[in-house]
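Me: I'd like to learn how to read pockets and domain contacts in a model. Could you take me through them one feature at a time?

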Amino acid sequence: MKYNFDDIIDRKNTNALKWEPAILKERFGEEDVLPLWVADMDFNTPKPVVDAIINRAKHGIYGYSVRLDNYYQAVINWQKRRHNWTISKDSIVYTPGIVPAINYMIQAFCETDDKVIIQTPVYYPFKESIKNNGCKVVNNPLLYDGEKYTIDFDDFEKKAKDKRLKLFILCSPHNPVGRVWTKEELLKIGKICIENDVIVISDEIHNDLILGNNQHIVFANVSEEFSNNSIICTAPSKTFNVPGLETSHIIIGNKKLRNSYKRILTKNAIGGQNPMSIAALKAAYNESEEWLEQLLTYLEDNVEFIDDYLKNNMPRVKLVRPQATYLAWLDFRSIEKDYKKLDHIISKEAKVALDSGHWFGTNGSGFMRINFACPRGILKEALDRISKAINK
Ligand SMILES: Cc1ncc(COP(=O)(O)O)c(C=O)c1O
């Protein structure tokens with residue numbers, strides 16, 4: 001089946017966070033901004049997923065539901081097929097979302113005032129989760145050479161020696177800078193963590209959205225030692241555009257770590273799941289790979305579109321080419337370094353809603369994150385508006 005990603009679907013009046021005027025007003029000061037911010041897609045989810053939810057809905061009774069073997073098998077087969085990663089049913093811990101899971105992990109593995117290290121600019125709920133649980137954020141800023149982001153290993157190693165540092169939240173692939181970490185990079189950072197007793201939480205929510213010839217490596221798949229010292233967060237949310245179904249799988253090979261994590265879930269009575277997401281998960285992982293392949297081609301073409309558009313119309317805005325995800329990091333610093341002024345240009349003058357770079361850390365000032373998981377017509381409209389505001 002050929003999917004059409006060019007169709008513009010009206011998401012207004014569907015409680016969509018991304019498009020809701022009251023939310024846009026609150027966040028961007030304007031109701032009528034074109035939204036290319038929060039990370040969900042303006043595409044329909046694959047037909048098998050829609051059909052599975054409709055079929056389940058038709059039944060009419062939505063009682064307490066359980067996950068059966070075929071549910072876990074769908075997760076196991078997906079990881080094997082897409083990532084060559086062999087996991088056992090026991091290692092999979094359902095959690096209703098990766099951000100909640102990260103909060104539970106901090107509760108499981110940290111005492112008050114313990115420290116957690118992150119790599120800015122990075123997905124901002126990481127720092128909020130750390131602070132909300134009474135812990136301290138340690139920052140290992142990524143290095144940027146004007147083209148590409150890399151890890152500052154020396155700085156990381158220095159900070160890892162702190163006995164209060166308990167966790168490292170790795171974003172792999174990285175949101176917002178779009179890096180797919182190489183085996184060498186993972187080996188280096190993972191080794192420092194093992195040497196310093198720092199547990200690695202590898203947030204791999206974007207790991208199915210790999211662009212071009214890049215190769216994602218699941219952190220736990222690097223070696224048995226790495227698997228023993230890590231927790232891998234996966235989900236169909238980004239891959240199949242179902243984040244509202246709140247379904248994620250936290251995969252923990254190490255039994256001791258798994259039991260500590262599960263104890264916190266038990267304390268909070270987490271474990272039940274809604275029947276729609278059970279039906280959707282199976283249809284996504286078992287029947288929707290063809291949709292994903294077509295989506296990836298469309299996303300790659302959108303990256304080319306952005307790159308060409310910038311070169312032709314806004315040569316001073318630089319695209320940091322994403323190796324993964326549907327989020328692109330744009331460098332506006334040669335136009336405006338001050339984030340308040342840049343925010344004003346984008347939301348008030350261009351009337352476009354983008355994630356402001358400084359949300360991701362102070363080294364994100366002067367950058368913007370654009371969500372390009374939308375029909376090309378919307379992407380062009382957003383870029384036209386930005387170009388007009390900048391070139392005024
Ligand atoms: C790196 C990363 N982790 C987690 C999430 C959200 O996960 P969830 O909706 O499962 O809480 C996002 C969403 O954008 C993300 O980019």
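Me: How do the residues in the lining of the second largest pocket divide by class?

Reply: They divide into seven nonpolar, four polar and three charged residues. Here Ala, Val, Leu, Ile, Met, Phe, Trp, Tyr, Cys and Pro count as nonpolar, Asp, Glu, Lys and Arg as charged, and the others, Gly among them, as polar. Please keep in mind that this is a predicted model: local features need pLDDT of at least 70, side-chain atom pairs count only at pLDDT 80 or more, and totals for chains, interfaces and linings use all residues. Residues are numbered from 1 along each chain as its sequence is written, and side-chain values use heavy atoms, with hydrogens and water left out.

Me: What is the general idea behind finding a pocket?

Reply: Rolling a probe the size of a water molecule over the atoms shows where empty space is left. On a 1 Å grid over the protein atoms alone, a pocket is an open set of points where a 1.4 Å probe fits, with protein on both sides within 12 Å along at least five of seven lines; lining residues have an atom within 4 Å of a point. Points are joined across faces, edges and corners, and a volume is the space filled by probe spheres set on them. The second largest pocket holds about 350 Å³. Of its 14 lining residues, R11, F43, T45, N241 and V242 are the closest to its centre.

Me: What is the volume of the largest pocket, and which residues lie nearest its centre?

Reply: Its volume is about 660 Å³. The lining has 30 residues, with V38, V99, Y123, K238 and P243 nearest the centre. By class, 16 are nonpolar, six polar and eight charged. Helix α4 gives the largest share, four residues (helices are DSSP runs of H or I, at least four residues, numbered from the N terminus).

Me: Where does the largest pocket lie relative to the domains?

Reply: It lies between domain 1 (21-46 + 290-390) and domain 2 (61-287), because both give residues to its lining. Those bounds come from an automatic or database domain assignment. The second largest pocket also draws at least three residues from each domain.

Me: How is the interface between domain 1 and domain 2 described?

Reply: The size of an interface is often given as the accessible area lost when the parts come together. Domain 1 and domain 2 bury about 2,900 Å² between them, 56% of it on carbon and sulfur atoms (accessible area lost, 1.4 Å probe, summed over both parts). Q323, T325 and F360 supply 24% of the area that domain 1 buries against domain 2, more than any other three residues.

Definitions and conventions:
Helix = DSSP H or I, 4+ residues; strand = E, 2+ residues; numbered from the N terminus. Buried area = accessible area lost by both parts, 1.4 Å probe.
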